[in-house]
Structure formats: C-alpha cells, structure tokens
Amino acid sequence: MTATVTKTLDERLELFRQMLLIRRFEEKASRLRAKGLIPGFLHPYIGQEAVAVGICDQLRDGDALTSTHRGHGHMIARGADPKRMYAELYARETGYNRGKGGSLHMMDADRGFLGANGIVGGGIPLATGAALQMLRGRTGGVAVSFFGDGATNEGTFHESLNIASLWKLPILYVCENNLYGEFTRQDKHQSIKDVADRAAAYAMKGVIVDGNDVEAVIAVAAEATARARAGEGPTLIEAKTYRHRGHFEGDMARYRPQEEVDFWMKRDPLDLYEARLTGEFGADADAIQAIRDAVEQQLDAAAEWAGEQPHPDPSESTEDVYVDSYEGAALR
Ligand SMILES: Cc1ncc(C[n+]2csc(CCOP(=O)(O)OP(=O)(O)O)c2C)c(N)n1
Ligand SMILES: [Mg+2]
C-alpha cells in the first residue's frame, strides 16, 4: 500500500523539528525526573518519534486520537504546547489537566487528544467510540488509536477491530511494535511475528511499515486516512520500531541482547532523516543547526515556566477527578 505524498524542503525540515522536539522533550523530562522534580513514572518515547510525527502529519482539525502510557510523543506531534506538558508533569495548576493527570493521563480535548492511558489497550475502544461518533455525525473526521505490540493481546483490541471492521468505522489502528511488552520480548508474548496479520481475522486491511522512516509512515497514513474518510473503513498499521531506553525511566533494560540494541541504534529515526535531509533533499547544515538551537531554547524556556507555576489548591483535590459517591462523601 503506497500513496505518494510530496513534501517541500521546508515541510521536511518541519517533520525533523517535530521529531527533535519530542526527543529533546523526553531527554529533558528524564533529567528533571532524576532531579526529583517530576513525581510518578515516565515511559520515554525516544526511538519511536517517526511514528507519531508521520501519522499525525495526515490529521486535520476535528480528528481524534488516543494514546498509551508512552504518550508524550503523540501529544507533541498533535501540536500540544511543551510548556503546559511540563507543567502537567510538575503537577501544576496550569498543566493540561490542572496537574492532576500527570504523564499517564495527560489529555488535550481541544486538539482531539483523548488522552494518554495507564491501562494497556484502554485507548483502543475510546478511539473506536470516537470514530463511531464521527461516522454517525458525518463529520468526515478520522480517529487514530496508538498502542503497542503488548496491547494487541488484550480483549479491547480484538473487540474494537471486530466492530470497527463490521461498521466500516473511520479509524486507524496504529500498533507501534517496539518488540517488547514491558520486559518481555514479542516472541515470548505472542505466537505471531507480524501484528498486521491480526487484521485478516477481521477482514481488515493490515499494513506493515518501517516505523523509523517518517516519510514511509506518512505514505501509509495518507492512504489509510483517505480510505477512512471515504467510508472504506479501518486499517491496522503495524509500525516496526524500537524504544531506545527501558520500559520506564529507571529500567536499565538489561534483558535486551546487545546486538539487537546496536542494530536499532544504527536505525535511529532522527539520524536517518537528517542524513536524507542533508543528502537527498539538499538541506543546509545551518538550517538543521538552527532547528536544534530553537528546540533547545523552546524547551529550556518551557521547563523554566513550568517550574514557576502554582500547585493546585489542596481544597480542589476532589475537583476534575473521578471520585465515587461513597469515597467522595468521605473525602468531603
Ligand atoms: C490492562 C493492563 N495490564 C497490564 C499493565 C501493566 N503494563 C504497563 S505497560 C505494559 C506493557 C505494554 O506493552 P506494549 O503494549 O507493547 O507497549 P510499550 O510499553 O512497548 O509501548 C504492561 C503489561 C497495565 N498497565 N494495564
Ligand atoms: Mg511494546
């Protein structure tokens, strides 16, 4: 499945900028957490940037997406403001969720970003429901559900694909196969090699793409979104990729063979794209450096701003969060 998407050099530099913004955002978040400034877990997206940027490149206003526990990259690729994301990680009032969502439940409804999700496979039916709403409302929108290889063993994945195929929902199921579910390699948690094969069980189109090649991801996203918008139903896209770091910050990832890590490090999506930009596409080294400088400055300013923001008032601790009536009564 291929669609030709022609980009100008400026558009290509913008793709690189977005991938770099995600990479540097995560590296900085890791350092801030090591300093004790960020409570809770962080699951870095480093290594998988081309998937988020490539898929989101084909989205429009009114489209929706759901994410996972590894959600910062999807949110940045959808255009979220790193300032407010750092504020959320710092649990501050001006964060995307008033400091109460944190990394695992950050969301931005204005951009159709229906949330990171601490439940593996939890975002898949949410995106499916959003797609149903778009179909019924004839909005022309599409939904995207990002999830990992591990999530494709969950019932939510199978239930969602079943009904989405039957009802021809406008949705892209994007599996980022990074070869591991937590500390378990794919061949120890499922009997298939290609997750895309699972589409056949639901008479759905399944595609495999190099998830470290941003323009290859754009090509499959273009085709799948066009099919979805035309009423031709969902696509399961399997993006083969790799997380450079451990499952979460603090996991040393010693369970991975060194040759495997070396192989994928040589296939870093940013390095690959930078080489194409300066070689094949004739980008100027100064233009790349200017992007690097601008991203560093933006993120330094963002983290500084976030650190100055107020914490939510303790009296609001039960607002904007789900508390059932019994517990709510007890807390009040
Ligand atoms: C329903 C559920 N089961 C188990 C967990 C614990 N858990 C958190 S992340 C994870 C692995 C997910 O692997 P994958 O879907 O491949 O995503 P990746 O971490 O590789 O991005 C597991 C099992 C959970 N959060 N939710
Ligand atoms: Mg995985």
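Me: What should I know about the numbering and the model before I start?
Reply: Residues are numbered from 1 along each chain as its sequence is written, while chains are lettered from A and ligands numbered from 1 in the order in which they are written. The model is predicted, and local features need pLDDT of at least 70, side-chain atom pairs count only at pLDDT 80 or more, and totals for chains, interfaces and linings use all residues.

Me: How do H1 and H2 cross?
Reply: Helices (H or I, at least four residues) and strands (E, at least two) are DSSP runs, numbered from the N terminus. Axes are lines fitted to C-alpha atoms, for helices over the stretch in contact, and angles run from 0 to 180 degrees between N-to-C directions. Here helix H1 (residues 9-34) and helix H2 (residues 49-56) have axes that come within 9 Å and cross at roughly 135°. That makes H1 oblique to H2; angles under 35 degrees count as roughly parallel, over 145 as roughly antiparallel, 65 to 115 as roughly perpendicular and the rest as oblique.

Me: Which residues of H1 and H2 meet?
Reply: Two residues are in contact if their C-beta atoms, placed from the backbone, lie within 7 Å. On the H1 side these are Leu15, Gln18, Met19, Ile22 and Arg23, and they meet Glu49, Ala50, Ala52 and Val53 in H2. By class, the contact of H1 with H2 has 6 nonpolar, 1 polar and 2 charged residues. Ala, Val, Leu, Ile, Met, Phe, Trp, Tyr, Cys and Pro count as nonpolar, Asp, Glu, Lys and Arg as charged, and the others, Gly among them, as polar.

Me: Is the crossing of H1 and H10 left-handed or right-handed?
Reply: A crossing is left-handed if the near helix is turned anticlockwise from the far one by less than a right angle, and right-handed if clockwise. H1 and H10 cross in the left-handed sense. The axes of H1 and helix H10 (residues 269-278) come within 10 Å, at roughly 155°, and the two helices are therefore roughly antiparallel. The contact of H1 with H10 divides into 8 nonpolar, no polar and 3 charged residues.

Me: What does H2 do with H8?
Reply: The axes of H2 and helix H8 (residues 214-229) come within 8 Å and cross at roughly 40°. That makes H2 oblique to H8, and their crossing is right-handed. Ala50, Val51, Val53, Gly54 and Ile55 in H2 meet Val214, Val217, Ile218 and Ala221 in H8.

Me: How many residues surround ligand 1?
Reply: A residue is near a molecule if its C-beta atom, placed from the backbone, lies within 6 Å of it. For ligand 1 there are 16, and the closest are Val120, Gly148, Gly150, Ala151 and Gly181. Strand S2 (143-148) and strand S4 (180-181) each supply at least two residues of this shell. The shell has 5 nonpolar, 8 polar and 3 charged residues.

Me: Is Glu176 buried or exposed?
Reply: A residue is buried if 20 or more other C-beta atoms lie within 10 Å of its own, exposed if 12 or fewer, and partly exposed in between, with C-beta atoms placed from the backbone. Glu176, found in strand S3 (residues 171-177), is buried, with 28 other C-beta atoms within 10 Å. Residues that Glu176 touches include Gln48, Val51 and Phe146.

Me: And is Glu304 buried or exposed?
Reply: Glu304 is found in helix H11 (residues 285-307) and counts as exposed, with 11 C-beta neighbours inside 10 Å.

Note on methods. Lists of a residue's contacts leave out its neighbours within four places in sequence.
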